[in-house]
Amino acid sequence: MKKLIIICSLAAALLGSCGGSGTARQADDACCDSAARCNMTKLSGKWNFVNIVNDSIHLDRNFIDSIGSDQGIVLGKDSTYSVVTNCNSIGGSYTVTCDSIAFSDGFMTEMACDNMEVEDAVRFILPKLNAYIIESDSTLRLISDDDKCFIVLKKAE
């Protein structure tokens, strides 16, 4: 019983340090890093495009599927990503901290294809995306600071 009380007290102290109510920055960073590691696990895997949107582009799932199904982003547990389109591939590394995400420039193949709208949109939008929301275990929203650019993805089965 005594051990249970001690464990519960330690857990409460640890959880309380993540509250952000004037606690030390170091404790907040530790909680943030812990959440980022947890979310990295949730983020890893294959995600299929549902919507790709910015000021001048709005590609929905029907359009994306009409030019080639199974297009999306693979997020690795090793902090690498690869974009799979109906033509070329894009890849690099990404970092996750708290609720922010950043995609680095990496590689891109440059084959000419009949329809390159999806990869052109992703190539344009990806560097602008800097936050993410996991809306459910199966929906991921990558967004820009101004909410004008975003990509909605569904977890591949």
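Here is a short tour of the structure, stop by stop, with what to select and what you'll find there.

**Before you click**

This is a predicted model, where local features need pLDDT of at least 70, side-chain atom pairs count only at pLDDT 80 or more, and totals for chains, interfaces and linings use all residues. Residues are numbered from 1 along each chain as its sequence is written, and side-chain values use heavy atoms, with hydrogens and water left out.

**The whole chain**

Start with the cartoon view: there are four helices and ten strands. Those labels are DSSP runs numbered from the N terminus, with helices being H or I of at least four residues and strands E of at least two. Along the sequence they run α-α-β-β-α-β-β-β-β-β-α-β-β-β.

Of the 157 residues, 36% are buried. Here buried means under 20% relative accessible area, exposed means over 50%, and partly exposed is in between (1.4 Å probe, protein chains only). As for contacts (heavy atoms within 4.5 Å), take those between residues at least 6 apart in sequence: 51% of them join residues at least 24 apart.

**Stop 1: S44**

Select S44, in the loop between α2 (25-43) and β1. Is S44 buried or exposed? S44 has a relative accessible area of 10%, so it counts as buried. Leaving aside residues up to four places away in sequence, S44 touches L75, G76, K77 and K155.

**Stop 2: the salt bridges**

The structure holds four salt bridges, each a side-chain nitrogen of Lys or Arg within 4 Å of a carboxyl oxygen of Asp or Glu. Side chains of opposite charge can pair when their charged atoms come close. Three of these pairs are on the tour.

- Show D70 and K46: their closest N and O atoms are 3.4 Å apart. D70 sits in the loop between α3 (61-66) and β3 (72-75) and K46 in strand β1, so this pair ties together parts 24 residues apart in sequence.
- Go to D65 and R61, whose closest N and O atoms are 3.1 Å apart. Both lie in helix α3, four residues apart, about one turn of the helix. D65 is partly exposed at 33% relative accessible area, and R61 is partly exposed at 32%.
- Then pick R123 and D120, with closest N and O atoms 3.1 Å apart. They are three residues apart in helix α4 (residues 117-125), so about one helical turn separates them. R123 is partly exposed at 41%, as is D120 at 32%.

**Stop 3: C98**

Select C98, in the loop between β5 (89-97) and β6 (100-103). Its phi is near 50°, a positive value in a residue other than glycine. C98 is partly exposed, with a relative accessible area of 31%.

**Stop 4: a negative patch**

Which residues gather in a patch of negative charge on the surface? Select D55, D145, D146 and D147. Patch members have over 30% relative accessible area and no salt bridge, with like charges joined within 9 Å and nonpolar side chains (Val, Leu, Ile, Met, Phe, Trp, Tyr) within 5 Å. Asp and Glu count as negative and Lys and Arg as positive, while His and the chain ends are not counted. A charge is placed at NZ of Lys, CZ of Arg, CG of Asp or CD of Glu.

D55 lies in the loop between β1 (45-53) and β2 (58-60) and counts as exposed at 66% relative accessibility. D147 is in the loop between β9 (139-143) and β10 (150-155), and its phi, near 60°, is a positive value in a residue other than glycine.

Key
Accessible areas come from the Shrake-Rupley method with a 1.4 Å probe; for residues, only the protein chains shown count as cover.
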